[in-house]
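The following paragraphs lead through one interface between two chains and then through the surroundings of a single residue. Please keep the sequence and the model in view while reading.

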4 protein chains.
Amino acid sequence: MNAAILGVSGYSGSALYKLLKEHPKVDKVNLYSRKPRRSLAEAVTAFKNQPEYLQEYDPQAIMAENDVLFLATPAGVSSQLASVFMEAKFPVIDLSGDLRLKKAASYEKWYQKPAAATKLLAQATYGLAEFEPVGTYIANPGCYATATLLALAPLVKEDLLQLDSIIVDAKSGLAGAGKKLTETSHYAYINENAQAYKVNCHQHIPEIVQELQTWNDKLEAIQFTTTLIPITRGIMVSAYAKVKPGFAQADLEAVFTKYYHDKKWVRFSGSDLPAIRDVIQSNYCDIGLSYNPVTNTVLVVSVIDNLLKGASGQAVQNFNKLFGFEETLGLPAIPAWP
Amino acid sequence: MNAAILGVSGYSGSALYKLLKEHPKVDKVNLYSRKPRRSLAEAVTAFKNQPEYLQEYDPQAIMAENDVLFLATPAGVSSQLASVFMEAKFPVIDLSGDLRLKKAASYEKWYQKPAAATKLLAQATYGLAEFEPVGTYIANPGCYATATLLALAPLVKEDLLQLDSIIVDAKSGLAGAGKKLTETSHYAYINENAQAYKVNCHQHIPEIVQELQTWNDKLEAIQFTTTLIPITRGIMVSAYAKVKPGFAQADLEAVFTKYYHDKKWVRFSGSDLPAIRDVIQSNYCDIGLSYNPVTNTVLVVSVIDNLLKGASGQAVQNFNKLFGFEETLGLPAIPAWP
Amino acid sequence: MNAAILGVSGYSGSALYKLLKEHPKVDKVNLYSRKPRRSLAEAVTAFKNQPEYLQEYDPQAIMAENDVLFLATPAGVSSQLASVFMEAKFPVIDLSGDLRLKKAASYEKWYQKPAAATKLLAQATYGLAEFEPVGTYIANPGCYATATLLALAPLVKEDLLQLDSIIVDAKSGLAGAGKKLTETSHYAYINENAQAYKVNCHQHIPEIVQELQTWNDKLEAIQFTTTLIPITRGIMVSAYAKVKPGFAQADLEAVFTKYYHDKKWVRFSGSDLPAIRDVIQSNYCDIGLSYNPVTNTVLVVSVIDNLLKGASGQAVQNFNKLFGFEETLGLPAIPAWP
Amino acid sequence: MNAAILGVSGYSGSALYKLLKEHPKVDKVNLYSRKPRRSLAEAVTAFKNQPEYLQEYDPQAIMAENDVLFLATPAGVSSQLASVFMEAKFPVIDLSGDLRLKKAASYEKWYQKPAAATKLLAQATYGLAEFEPVGTYIANPGCYATATLLALAPLVKEDLLQLDSIIVDAKSGLAGAGKKLTETSHYAYINENAQAYKVNCHQHIPEIVQELQTWNDKLEAIQFTTTLIPITRGIMVSAYAKVKPGFAQADLEAVFTKYYHDKKWVRFSGSDLPAIRDVIQSNYCDIGLSYNPVTNTVLVVSVIDNLLKGASGQAVQNFNKLFGFEETLGLPAIPAWP
C-alpha cells in the first residue's frame, strides 16, 4: 500500500512519517505540501538522510498514487480540501479539528474560522479508536480529547457520576501546540514555568462534550482547563467528579477493567496513578484512579504521548482498523525508558 | 538583632540564610546544626565565600546569642526541640509542619510520626501572614497550604462557594520536596515527566482544612491533589469550586480586590491567570480567577515561589510582623525575569 | 533466536530490551538478574504490561536457553562472570567497561577495581562497530568513546592532525550516568546547571586512547573533559585539533566522506554541525566539522543518543554483525522528532 | 541619583531594572523607549505592580532628569544614539556591542552592520570591571567575553601559555540570545538538545581578542565555539591551552590567587571546577582550573549568570566605579540556591 501525508513538516506530521515508514503494510510514503517542491531533509533536519521529496499538493495525483491520505494540516485547511476526497470516497485520516464537530456553528464559535460545509461534517466520523467504528473520512481526535475521553468513558457510559461535577485539569508539553513561534513558545518563557491557557475556550472542549453526550445524553457540560508545563511530549489529564452513592475504589476499578481489559492501547493500573514518562514514544494511554470517600470524589489520571496516541499513533490505529489490519500493527508497544 | 537558623543546609534554610543576611534589621546570622561543627561553605557550595560556621546545636547558647530562632528542620524534629524555647518564651519561627496542627492525633495520622505534646501544640500560632496575628512560637505554613489558602480565603470567608465542591489541583517543582535522594528525585525520572503523588494523603491537607474551618465552620473537607512537574522552584494551585447562585466574574473579582488591595505580597490580576515564572525569586503570591457560567464553576489560580512565599519568605514576613517592622522589609519585591 | 539480558533494569538494559523485543531475528528475550526472581513490570514501570520475569542468574541455563548474552551490568561485574562464557565460546556482548582495556593495570588505575584476568582481556574484542571486526566476546564501547572515536577516526587514521593537540570537550545527559542516586543526579542539582566532572580521570579516556593508538601509533594522549548538561539522553562531542599544513575545509570534508559515505549509521553533514535533538531515539552518529584557517584548528562535532548508538544500539549492531545480519536490522533509522 | 534605562523590556534591561530599583544610591529609575509610551507592567508581566512608565526616547529629557543612562538596546542602536551623550560628556553605560571594538571595520565584519563613527569608538572605554578603569562612556563587555577574559587574564598577562593553543568551548543558556523569536529559540527545539552556533563567527570573538592583545601583544587569535544548552540563565566557559614548560597545578593556582584574592566578584576555587548553579542570581564569576601534566594542557572553567555578571550586574559594578561607590554596592552577593 501507498500512504500520502500532507503536512509532514509539522510535529504530528513528522511523527506520522516515522510510523508509516516503519509500518509493515506500507510500501511507500508519498509526501505532499502546499509549498513548492523541496526535500524532506530540508523540511526536517532530523530526517537529513531520508530520500523523500515533498511534492506540490494535487488531489488527483494523490488519489492516483496512494491508497490513503493523512492530513496533518493546521486548523482551517482540511475544511477546504476535504470535499474532493469525500466525493471520490477516497480514504482520508484527518488529524486536524476541522471535521470533528457536527455543528458548523460550534466550529465557528470555538475555532473562530469558517466551518466546513454541513454535508462534509455529516460524512466525517469521529475516530476515537477504542470506541468508534471507522468511516472513509476519519476525523482523528485531538490530543486532550483522547486523554480526557478515555479517562471518562467507563464512568460516563455506566452513568456513575454526578454529571454536572466533572472537572478536567490537563497538563501538556509544547509539542501539542506545534511549531508556531509565539512569545509563549520561547524557551525562556516556558522553562521553569507553568501557565494555564485558553481557559474555558480551548477548541478541544466541544469535541469532548459532543462525544460524552453520545455516551450519556444527560451530560450538559464539563469544566476543562489546561496548563502548559516545561516538557516537549506528553499530556496528563486529571479528571475529577463526584460519584453517585454506593460506589467505592474497588467498584470503579472493576468498571475500568471491564472496559479496558481487552483494549491493546490502554493500560489500566488500578490505584497506581500513571506518569507521563511511562508512555513516551509509545501509543499507550495509561490510566489509574483514586476514589476519595471523604469528598466522594474520584480522580482519574490518564497520560499519553500527545504526538502518538494523541495524534499520529491513533491515526495509524484508525488506519489499521480501516484496512482490517491488527490494531497494534506498526505501532510502538514498548515505551522508551528513560 | 541576631537571628539563628537551625537547618541552613536544606533548600528552605539556604533561602532563609540569603534573606536574613540581606535583611536591614539583622546584624548577625548565627547558624546551628545537629551535626558536628563545619563551615557553611562546605554545607552549601553556592555559599563558598560566606564566612559562617554551623555551630553545634545548643538551645541555651542560641537563646543567649540571638533574638529569634528559625527552625528549617525536617518533620519530627521541632516537636522534640520546641519546649525549651516555649518555656523561655523565646521567639521561634518554625518552618516545619510539626506544630501546625492543633490535634495531635491528626499530626500522627498525616505525618506518621509521634506528635508534639498537646500543650506545645496549643501554644503555637499558625502563621499565615496575610490573615493571622503572630505569636511567640510561629508555625510557618506549608508551601501548598499558603498558595491554596490565599486562593480560597476571600471565597470561603465570604461563604460564596458550595463548600463540598472544592477541588485543588496543585503543580509543584522539586525544591518543595527537599534534598532527599529518592528514585523520584533523580533527574532522569523527573525530566520530561509529570507525576501525581501522595494523592489524598499529603500532609498539607489537614492544615489547609484546619485553617479553612476557622474561616467557615460549615466546610468539612476538600479534594487536594498535587503533581510534580519538571521545574526546581514554584507552585501553581488551580482551585475549582461551584459558586453559590447570583455571583459572576465581576462579583468574584470585587471580593478578591476587597481582601487583597492592601496586601503587599498578594498581586491579584483579575481574569488574567498568573504564571509561576512571574513570581520566581520574589515573595509574591499572584492570583487570578476565571468564572465559567456554563458550569457555574470558578477557577482560582495562585502561584508562589515555594522557597520564598511558600517557606523562608513568609517566615521573614512573620519575623517582620513579630518585631513590628514594615511587612515588606528585606523581602524581594521585584521578581527575577526571565 | 533467543537473546539473554543480564541487567535489564538499568537504563541501557531497558533500551536494549526494547530493541531486542522488536528485532525481527529475535524470537524470545530472556531476562536474568543477580537479585531474586521478579517481574519486569516491577523492575521498570514503563514496561508494566510486558510479560517477562527476571530469572535468577545461572550461566548454564543462560547458555542452554539462549544464542547470545548481553551484559548490561555495572563496572566490576562482567570481569567476574566472563570466563565461563569464554571457555564455552558462547557469544557475549558486554556493554560494561570491564573487558575493553587490554592492560589490567590500566583498568585498575582508571576504574579503581580489580581487573579481569589477563587471558580474558586478551580474548575480548573491542566492538567499535564501524571499524572493528567482531569476536565471540564483544566489549561494546562506552558512549563517550563511541562519539569521540567516530569524530576522530578519519583524521587520525589519515594522520592529518598534530597529534599532541587533540582536545575533546564532551557534553552529556544524565542517562549515561545510570540510575544511581547521588547528590549530582538530584533534579534540583542538574536542572538549570552545567558541571564538568571526572576531569582527566574519566574511565572512557583509556579506551579512547587505546583505540586511537591502534590507528596511529604516534598518538600519545588526548585532553578529554566532559560536562553534565540538563538533558536525559544524548551526548555531544566537540573535538578540536591543529591540522597539518596544506588542508582546508574541503579536504577534511572529503576525508570524512571517504570514510563514512557507505556507513549506514553515520550521517556526515559537512560544515553543518549536528544537534543532539536530530539523533534522539535513533542509532545514528551525526558528524559535522568546521575548519578555522585563522587558528589552523578543526572542530569536529559528533552527536549520539547515548543509550542507543552509545550503548544498546551499537550492541545490537554488533549482534547483527556477529550473526551475519544486515547491520541496520532492528535498529531505529528514523529519529523521533521533536 | 536618578538612573535612566533605554530597553528595559529585554532580558538584560529587566535584570538591570531590578538591580537599580534595589540600589541604595539610586533614588529614581526612569525608563525610556523608542516605542510609544506604555506601562512597565505591560512590557514585562513579572513587573505587574511596578509603577513606572516607559517614556518616549528624548535625549535632552534624559540628560535633564538623570545622572546616568544605561543602554540595553540591540546591536546597531547605540551607535546611532551615542554622539549626543558623548558631546555632552553625559555618563552612559552601554550594554550593547556597538562601541566595544576600536576598529570600525572589525565591527562591520562581525556585526554585519554599519559601525559607529570612529571618534565615538575612540571615546568609549571597554568596561571589563576587574581590569579596566571606567570612562564617561562605558562599553560594557559581552557575556561570553566576560567569562572568557576572566578565565584567561592571569595566564595571558603572565605569559604562561602557548598563545596559539588557546581553545574556548563555551556553553550558554537562552537568556543570552534575548527575546527574539527564532526557530532555535522555540522550546521544543532547545529542550533535550545541544547545538553549536555561530562557529568562528560569534560577534564576541573580536572583543575577546582585542582585550587579550592589550594584555599580551604576542597573541594573534583564539579558537572560540559556543553551544546552546537547555537552561535559561548561565554561561560556562571551558578554556584550554598548552602551558609553557615549568608550571604545574600549584603554580597556576598561585597566579590566579594573586590576581583574584582581592577581587570581590571573582571566586577562585583552585582545582574545584565551578558549576553554573552556584552563581545564579549573583554577580560572581566562579573560576577553577585543572592542569593535566600528560597533555601539558590547562583547563580553566569559569561560570557566570549571563544576565548579571555577564550584563546588568557588571553594568552596575561599572556604575559603582564611575561614581566612586563601593564596587559591591547594590549587587547580589549571595547566590539563590537551589
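The model is predicted, so local features need pLDDT of at least 70 and side-chain atom pairs count only at pLDDT 80 or more, while totals for chains, interfaces and linings use all residues. Residues are numbered from 1 along each chain as its sequence is written, chains are lettered from A and ligands numbered from 1 in the order in which they are written, and side-chain values use heavy atoms, with hydrogens and water left out.

Between chain B and chain D about 2800 Å² is buried, 54% of it from carbon and sulfur atoms; buried area is the accessible area (1.4 Å probe) that two parts lose on being put together, summed over both. B:Ile334, B:Trp337 and B:Pro338 supply 25% of what chain B buries against chain D, more than any other three residues.

Four salt bridges cross this interface, each a side-chain nitrogen of Lys or Arg within 4 Å of a carboxyl oxygen of Asp or Glu. One of them joins B:Asp286 and D:Lys48 at 3.0 Å, N to O.

Attention now turns to another lysine of chain D. Although D:Lys242 is buried, it has no salt bridge, and C:Asp164, the nearest side chain of opposite charge, is 4.7 Å away. Buried means under 20% relative accessible area (1.4 Å probe, protein chains only); Lys and Arg count as positive, Asp and Glu as negative, and His and the chain ends are not counted. The side chain of D:Lys242 does reach the backbone oxygen of C:Asp164 at 2.5 Å and that of D:Thr295 at 3.0 Å.

Note on methods: Buried means under 20% relative accessible area, exposed over 50%, partly exposed in between (1.4 Å probe, protein chains only). A polar contact is a pair of N or O atoms within 3.5 Å; within protein, one must be able to donate a hydrogen and the other to accept it, and residues adjacent in sequence count only if both atoms are side-chain atoms.
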